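Please open the model in your viewer and get your selection tool ready.

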Amino acid sequence: MTDIDNFVQNAYVFNCLRESVFRSAIQALQFPVGSRGLDAGCGIGLQALSLAAAVGPAGHITGLDLSPEILDYAKEMVKQAGLSERISFREGDVNELPFDDGTFDWAWSVDCVGYAPIEPLPLVKELARVVKPGGIVAILAWSSEKLLPGHPLLEARLSATSAGIAPFDKGMRPESHFTRALGWFRDAGLEERQTRTFAGDAYAPLTDDIRSALTALFQMRWPGVESELTLGDWGEYQRLCLPESPDFILDHPDYYAFFTYSMFHGKVAG
Ligand SMILES: C[S@@+](CC[C@H](N)C(=O)[O-])C[C@H]1O[C@@H](n2cnc3c(N)ncnc32)[C@H](O)[C@@H]1O
């Protein structure tokens with residue numbers, strides 16, 4: 001399987017965990033009916049569908065992504081949903097958006113702007129540039145999780161590994177961490193800066209979809225952690241987090257987990 005196939009598969013697999021969280025976030029932002037919005041780093045376009053529903057048939061969503069292969073999947077999905085008139089896609093880089101100043105009524109970005117190991121302030125400024133005065137700029141990113149109920153020490157140690165803090169890196173400035181985004185919004189000149197935290201959860205009995213998503217999440221969340229754990233913790237990780245283990249934690253009758261997405265938003269001045 002190629003990296004792109006893997007990315008697309010994961011996007012669909014995780015959708016059952018994330019979809020309701022993004023619906024709540026979109027609802028909270030109250031994008032005007034009939035407005036035109038940008039989804040920056042749109043991936044395969046799953047959120048573009050919810051964004052299009054929010055702005056209605058008179059509105060329009062432009063999904064932008066760096067990867068033409070990923071955009072091919074997005075275009076096909078939107079075509080199959082019969083929404084090609086209302087959602088279009090553009091290949092491009094969030095560092096240098098291929099749009100004139102004030103093109104959009106608002107901009108939205110999930111797990112992309114501010115959630116990459118590059119200086120975030122220029123990206124927030126770039127989003128603000130393409131939004132009309134008074135329009136919303138919103139960025140969201142996965143910000144925490146509790147996936148191993150009853151095993152807080154193991155989970156804390158996993159969270160303290162390089163994979164656990166990714167895409168942040170221990171050499172990076174604290175100001176570069178996503179949870180410091182209020183400062184980027186201030187420095188980008190955005191007004192009415194606010195945050196909202198949205199939680200998703202899962203608990204036993206798990207549906208097949210949620211079980212598959214959590215199994216994939218364990219693999220995605222803590223890859224290559226062996227070298228950063230003690231032998232004992234590595235053994236516990238394998239016992240609890242691998243599906244072939246007789247003690248796989250998703251089989252526990254009292255399994256419960258939650259995760260959060262943090263949203264930062266503000267309005268373009270003027
Ligand atoms: C983690 S995925 C998130 C996709 C989607 N927003 C979601 O939440 O499902 C990050 C996306 O950002 C895109 N991306 C990464 N760097 C980018 C850049 N510099 N400009 C535009 N898109 C970028 C990737 O191709 C990928 O589709």
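**Stop one: helix α4**

Select residues 120–129, helix α4, where Pro 120, Leu 123, Val 124, Glu 126, Leu 127 and Ala 128 are buried (under 20% relative accessible area with a 1.4 Å probe, protein chains only). Helices here are DSSP runs of H or I with at least four residues, strands are runs of E with at least two, and both are numbered from the N terminus. Now show β1 (36–40), β4 (104–110), β5 (131–146) and α7 (181–187): the buried residues of α4 pack against these elements, with contact meaning heavy atoms within 4.5 Å.

A note before moving on: this is a predicted model, in which local features need pLDDT of at least 70 and side-chain atom pairs count only at pLDDT 80 or more, while totals for chains, interfaces and linings use all residues. Residues are numbered from 1 along each chain as its sequence is written, and side-chain values use heavy atoms, leaving out hydrogens and water.

**Stop two: Thr 260**

Next, select Thr 260 in strand β7 (residues 256–267). Is Thr 260 buried or exposed? Its relative accessibility is 11%, so Thr 260 counts as buried. Show side chains, and you will find a polar contact between those of Thr 260 and Ser 144, at 2.6 Å (a pair of N or O atoms within 3.5 Å; within protein, one must be able to donate a hydrogen and the other to accept it, and residues adjacent in sequence count only if both atoms are side-chain atoms). Setting aside neighbours within four places in sequence, the contacts of Thr 260 include Trp 142, Thr 197 and Phe 198.

Methods
Buried < 20%, exposed > 50% of the residue type's maximum accessible area, 1.4 Å probe, protein only.
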